[in-house]
Amino acid sequence: MMEKPKEQCAVVGIHSSSPSRTSSHIYYALRALQHRGQESAGIAIQARKIKCIKDLGLVGEVFHESNLKKLRGKIGIGHNYYSIKLSKPENAQPHVIETASGRMALGHNGIITNSGALKRRMDRKGHEYNLGSEEETIAFMLSDEMAYGLSFAEAMKQVVPELKGSYAMTFLHDGKVYGLRDPHAIKPLCIGKFDGGHIIASENVAIDVLDGELIRDVRPGELVELTNDGFKSHQLVEGKRKAHCFFEYLYFARGDAVLDGKWVYQIRRRIGALLHELYPVKADVVTPVPDSGRTYALGFSEASGIPLAEGLMKNRYIARTFIMPDQRSRTVSVREKVNPVVPVVKGKRVVLVDDSIVRGTTMRRIITVMRHVGATEVHVRIGCPPIIAPCYLGIDMTTRDQFVANQKTVEDICKDLGADSLGYNTIEGVVETIGQRRNELCLGCITGRYPVRIPKEMHRFQKKLLDFHFKED
Ligand code: SF4
């Protein structure tokens, strides 16, 4: 049962002057990016050879002092994974792949939407797959190009136009570390420096944790190569149009991240204020659904003058929700994760604020519990417009029938949730508060229009969507 959409991965690449510290730098960077993937973690380091340690679990569960010590070398990449398929140790990344042009390690955040066709091409050329993964396909394509004598960057220039979809990747090959961002820059990727080296990472929080400094975001269609004294830029293709995932700003990225020059915290706070402008309400208290609704609730409270208070408390130690065998135990599991603070909500008209609603199941239960402990009214305000379409670009929202907003009107959803009123942000509101032009954002899951073509083979994940008509924006 999915309660919130899940980001697939985090990537990190580091060039450090100290071979003994590279793996620990990557470890801390991955911990800072743990919110982007909690199923597995991995680090690959290159000294003479590429060595990789990876496993299922959180970064702090997979790595400890003794195995980090085994990973010595000046360059390395790291990866946190959340799988939209089955959790299997072999799906953990970085993938280390043997090719005719040498050993390569890859970490990937995103989805190659034409991977089936590309794999068939590589199969015909006789490449032998271990996992059948997209990352192996990319490695084989690069290897084929390098076999003609091209450098890694030149080979990548040939490969990038063939790859459709979203990708922020890091690579280790032949003693060098690289970061690549797709021509639409759908997934975030930035470059920073720290005392003794340079870093490429999904979010600047991985740079901050090393007391480093953000230099800039990787440009659409740019390959960055970290060097001894900085980095080299290879602009492989001119980006056609930017299409940053709007959901990064609203939910996936950490609240202290800055994405493509925009502070996530400020955007969420402005959305909270906008929700008050769009849907004012007489109430006694504004309360966030923790933790995702916090900054929105702050913005709503500041704009409305209604006091902000923590009406729900989250148990921080329940990391994953299990599917319970019966309805009663499922209800218990919601109160196990978030529980009302009775003095805050009893006898009060409450504005309950969150970032998004997918199924509506959790929100319905929270409202029921709030009423049970004495809230007289519950008004729901949501920072994201109604989610109506799947994400084909690397977020765990894969079937259309899971979205409550796809089947019902806002009025019906409000009734279904048991709320006194419900107000969603608008698409215009999202675009305006993010401060990018509409055609510089991917809004696929709230419009049904995607920045890249989604070939039919993607239906392998979306069997219930065969009647869905893809449109290109
Ligand atoms: S479809 Fe939605 S979640 Fe997926 S990349 Fe686009 S905006 Fe992000």
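The model is predicted: local features need pLDDT of at least 70, side-chain atom pairs count only at pLDDT 80 or more, and totals for chains, interfaces and linings use all residues. Residues are numbered from 1 along each chain as its sequence is written, and side-chain values use heavy atoms, with hydrogens and water left out. The ligand sits in the largest cavity, and the residues of the shell around the ligand include no charged ones. A search of the whole structure gives 9 aromatic pairs.

**Ligand site**

- The shell around the ligand consists of Cys-245, Phe-246, Phe-247, Cys-391, Leu-393, Ile-395, Met-397, Cys-442, Gly-444 and Cys-445; a residue is near a molecule if one of its heavy atoms lies within 4 Å of it.
- Of these shell residues, 9 are nonpolar, 1 is polar and none is charged. Ala, Val, Leu, Ile, Met, Phe, Trp, Tyr, Cys and Pro count as nonpolar, Asp, Glu, Lys and Arg as charged, and the others, Gly among them, as polar.
- Helices α8 (246-252) and α17 (444-447) each supply at least two residues of the shell. Helices (H or I, at least four residues) and strands (E, at least two) are DSSP runs, numbered from the N terminus.
- The ligand is placed in the largest cavity. A cavity is a set of points, on a 1 Å grid over the protein atoms alone, where a 1.4 Å probe fits but cannot get out. A molecule sits in a cavity if more than half of its atoms lie within 2 Å of its grid points.
- Met-397, one of the shell residues, is found in the loop between β21 and α14. Met-397 is buried, with a relative accessible area of 0%; buried means under 20% relative accessible area, exposed over 50%, and partly exposed in between (1.4 Å probe, protein chains only).
- Met-397 and Ile-387 are 10 residues apart in sequence, and their C-alpha atoms are 9.5 Å apart in space.

**Aromatic pairs and a charge over a ring**

- The search of the whole structure finds 9 aromatic pairs. Rings of Phe, Tyr and Trp (its six-membered ring) pair if their centres lie within 6.5 Å; planes under 30 degrees apart count as stacked, over 60 as edge-to-face and the rest as tilted.
- Phe-247 and Tyr-251 form an edge-to-face pair, 6.4 Å centre to centre with 70° between the planes. Both residues lie in helix α8, 4 residues apart, about one turn of the helix.
- Phe-247 is buried, at a relative accessible area of 1%, whereas Tyr-251 counts as partly exposed at 23%.
- Tyr-392 and Tyr-450 have ring centres 5.2 Å apart and planes at 75°, so this pair is edge-to-face. The pair links distant parts of the chain, 58 residues apart: Tyr-392 is in the loop between β21 (377-382) and α14 (404-407), and Tyr-450 is in strand β24 (residues 449-450). Both Tyr-392 and Tyr-450 are buried.
- Phe-246, Phe-247, Tyr-251 and Phe-252 are linked into a cluster by ring pairs.
- Lys-119 lies over the face of Tyr-129, at 4.5 Å from the ring centre. A charge sits over a ring if NZ of Lys or CZ of Arg is within 6 Å of the ring centre and within 35 degrees of the ring normal.

**Backbone geometry**

- The peptide bond between Gln-93 and Pro-94 is cis, with omega about 5°. Pro-94 is in the loop between β4 (75-81) and β5 (95-99).
- A cis peptide bond also runs from Pro-290 to Asp-291, with omega near -5°. Asp-291 is in the loop between β17 (285-288) and α10 (294-304).
- Asp-174 is a residue other than glycine with a positive phi, near 55°. Asp-174 lies in the loop between β7 (165-173) and β8 (176-181) and counts as exposed, at 63% relative accessibility.
- Asp-260, not a glycine, has a positive phi of about 45°. Asp-260 lies in the loop between β15 (258-259) and β16 (262-263).

**Other buried residues**

- Gly-107 is in strand β6 (residues 102-112) and is buried, with a relative accessible area of 0%. The C-alpha atoms of Gly-107 and Tyr-167 are separated by 9.9 Å, and the two residues are 60 apart along the chain.
- Val-281 lies in the loop between α9 (264-278) and β17 and is buried, at 19% relative accessible area.

Key: On a 1 Å grid over the protein atoms alone, a cavity is a set of points where a 1.4 Å probe fits but cannot get out, and a pocket is an open set with protein on both sides within 12 Å along at least five of seven lines; lining residues have an atom within 4 Å of a point.
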